[in-house]
Structures are given as C-alpha cells and as structure tokens.
Amino acid sequence: INQRRRNHNESPSICKRASLFVTLQHQSALGNGEGSHNNIDDDNKSRKDAPHPLTVQPDKLIHKLESFIPNISRNRMAKKKRSLEPKATKDESRSYNVNDALINACTSLVYFLNNEADSLNTLDNQLQLSTETVESIRQVLEMVLVQAVRAASEVGDFVLINKLIHAAVGYATAIAHKTNNTAPLLTPRIF
C-alpha cells in the first residue's frame, strides 16, 4: 500500500533525503544540532532561562563593545596594508578575504546591537542607569560605530552602513524606553 501512495518516479533514497532535510532543519532550529534537545520541554525551558541583555550589566556591555574596536581596526589596517602592496604580489583572493573579514566584523556588531535591542524590548522591568554609566556606554558605542561606518565605506558596502545606523538607533531607542535617564546615547556626529 505504501508503494502505491508514493509517486512512481520517487525512489526510496529521495524519501530518505527529504526526511534527512526535515530532520536537519529541525535540528537547526533547536541550535545547529550541537547538543540539541531531545524533547520540546527542554527547548522551551532553555528559552525561558535566556541570558538578560548585557545592558543590564554595563561593565560587561562596555567590555563587549570594546572587543569590536580592535577587531574592526585590525581588519582595516590589513586592508590598508594590502592596498599598499605592489600589484604584482597581490593575490585577489586575499583581497576578498580582507573585505569579507571587515564586512563580517561590522555585521557582527549589527547583530549584537539588534539582539540587545530585542532583549531590552522584552525586558519586563525598567533599567536604572546613572548618567555616568550612560556616558561611558555612549563613548564606547561612538568609537565602535565610527570604526564600523568607516570600515563599511572603505569596502564600499553602503547597505551595511544603513544597517549599522538602523541597529544603533534601534538600540538607543530601546535603552531610552527602558530608562528614565535623559542623557543621549547617540549623537548625530557619528553618522
């Protein structure tokens, strides 16, 4: 009976591959298959225990933002160094790798800011951030955003600049909604 229900052109190996595809997608949704949960209750419990946004812990947030600066700066220097090499010694694949590394570093910042904003928006309680704390976050955020915008423009990825601006404004808006502090988190001179 199962043979009659199956399309006569499908082989058993196609069905196995389709089943494998569905299984892989399910594992991907649970976390790339690494340490995936065997039941749905464990997966739901892990979502409830998700870490709070780093903004709740300003020292860790500042440290995380500072970690983007040397990464982007190092890749920018590698790109400049690469552009100064004589054309005869240039390898085009290395040039693309430097550009990709810059784009990846900036995209990582975009994802981080978007995730922080999403986490802040789902946070139930208000944040108590002093003016000094907001000022220190602002300084580090400005430094990393300036580096990222410059890097994206050097690579010529202007869509990425738009994503950086959108993520930064979204993050600043999320902080503004979760605090009573009136100190600005972003200044127009960054962009």
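Residues are numbered from 1 along each chain as its sequence is written, and side-chain values use heavy atoms, with hydrogens and water left out.

Helix α6 itself covers residues 131-155, 25 residues in number, and reaches 36 Å from its first C-alpha to its last, close to the expected 36 Å (1.5 Å times one less than the number of residues). The protein has 7 helices and 0 strands, these being DSSP runs (H or I, at least four residues, for helices; E, at least two, for strands) numbered from the N terminus.

The model holds 1 aromatic pair, defined by ring centres of Phe, Tyr or Trp (its six-membered ring) within 6.5 Å, with planes under 30 degrees apart counted as stacked, over 60 as edge-to-face and the rest as tilted. Phe-68 and Phe-112 form this tilted pair, at 5.8 Å centre to centre and 45 degrees between the planes. Because Phe-68 lies in α4 (residues 58-84) and Phe-112 in α5 (residues 92-122), the pair ties together parts 44 residues apart in sequence. Phe-68 is buried at 5% relative accessibility, as is Phe-112 at 11% (buried: under 20% relative accessible area; exposed: over 50%; partly exposed: in between; 1.4 Å probe, protein chains only).

The average pLDDT, the predictor's confidence in each residue from 0 to 100, is 75. Over residues 1-50 pLDDT stays under 50. Where pLDDT is low, the predicted coordinates should not be read in detail.

Terms used
This is a predicted model: local features need pLDDT of at least 70, side-chain atom pairs count only at pLDDT 80 or more; totals for chains, interfaces and linings use all residues. Contact means heavy atoms within 4.5 Å.
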